Amino acid sequence: ETELAPLQQQIIKLYTRLAEVFDCDYKTLMDKSIMANLVPFRSPNWNDLPNRSAALEFSHQLWSDVLKQARVKVIICMSIVVFYELDKILRGLGNTSVSEESKSESTGWGRTKYQIEKYMADDKSILLIRIPHLSRYKLFNSEKCTKAIDDIMAEIKQHMERFLS
């Protein structure tokens, strides 16, 4: 079996924790999830992306269409740029932020934070969670990050229980 890249290892650890919340196997959960880049164009990094504004505009429309049709309950994203783009998309689709349930807390890794925003539209609610990019911050390997990860999982579990009740 081939050795997994560090980011792949972190994603599996993330899904393993999520699978505990959803009471299933992590591979099953991965099969039922959408995993994608906000901007589906290859670039070594954000600053070197050619035609960045056109790429972002295309991506904004693409994800608006996806999120309009998908019954998404939880979105986990990596990076602040993606978080604010998804925030704009969700608001553009008529979702309102529930500011009293917003949260920005330390991950336990240096000065990095995770962020949680909750949105409501009609009788639906969506949780948007931002974590630092797992290719750079191996949160799931650090004991200092255990509390933050436990808190994030508890938020997701509470959110999902509201759906099921």
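Reader: Is E161 buried, partly exposed or exposed?

Author: The model is predicted, and every value here is computed from it. E161 counts as partly exposed, because its relative accessibility is 44% and that class runs between 20% and 50%.

Reader: Which residue does the E161 side chain meet in a salt bridge?

Author: The partner is K157, at 3.7 Å from N to O. K157 is also partly exposed, with a relative accessible area of 39%.

Reader: What separates K68 and D65 in helix 3?

Author: About one helical turn, because they are three residues apart. Their side chains meet in a salt bridge of 3.9 Å, N to O. K68 is exposed, at 56%, and D65 partly exposed, at 33%. The count of salt bridges comes to 10. Some are linked: R17, E20 and D150 belong to a network of salt bridges.

Reader: Now the interior. Where do nonpolar side chains tend to be in soluble globular proteins?

Author: They tend to be buried together. In this model the largest nonpolar core has 23 residues, and I129, I131, L134, L139, M153 and I156 touch the most other members. Helix 1, strand 4, strand 5 and helix 5 each supply at least two residues of this core. A second, separate core holds 18 residues, including C77, F83, L90 and Y119.

Reader: What does L139 touch, leaving out its neighbours up to four places away in sequence?

Author: Its contacts are Q10, T107, W109, I131, P132, L134, C145 and I149.

Reader: Which nonpolar residues form a patch on the surface?

Author: F41, F58 and L62 do, with about 260 Å² of accessible area together. L62 is in helix 3 and is partly exposed, at 32%.

Reader: How should I read a loop residue? Where does S102 lie?

Author: S102 is in the loop between strand 2 and strand 3, and is partly exposed at 31%. Leaving out residues up to four places away in sequence, S102 touches S97, I116 and E117. A polar contact of 2.5 Å joins the side chains of S102 and E117.

Technical notes: Residues numbered from 1 in each chain as written. Predicted model: local features only at pLDDT ≥ 70, side-chain atom pairs only at ≥ 80, totals over all residues. Heavy atoms only, no water. Core = buried A, V, L, I, M, F, W, Y, C linked by side-chain atoms within 4.5 Å. Buried < 20%, exposed > 50% of the residue type's maximum accessible area, 1.4 Å probe, protein only. Helix = DSSP H or I, 4+ residues; strand = E, 2+ residues; numbered from the N terminus. Contact = heavy atoms within 4.5 Å. Polar contact = N/O pair within 3.5 Å; in protein donor to acceptor, adjacent residues only side chain to side chain. Patch = residues over 30% accessible without salt bridge, like charges linked within 9 Å, V, L, I, M, F, W, Y side chains within 5 Å. Areas by Shrake-Rupley, 256 points an atom, 1.4 Å probe, with all protein chains shown as cover. Salt bridge = Lys/Arg side-chain N within 4 Å of Asp/Glu carboxyl O.
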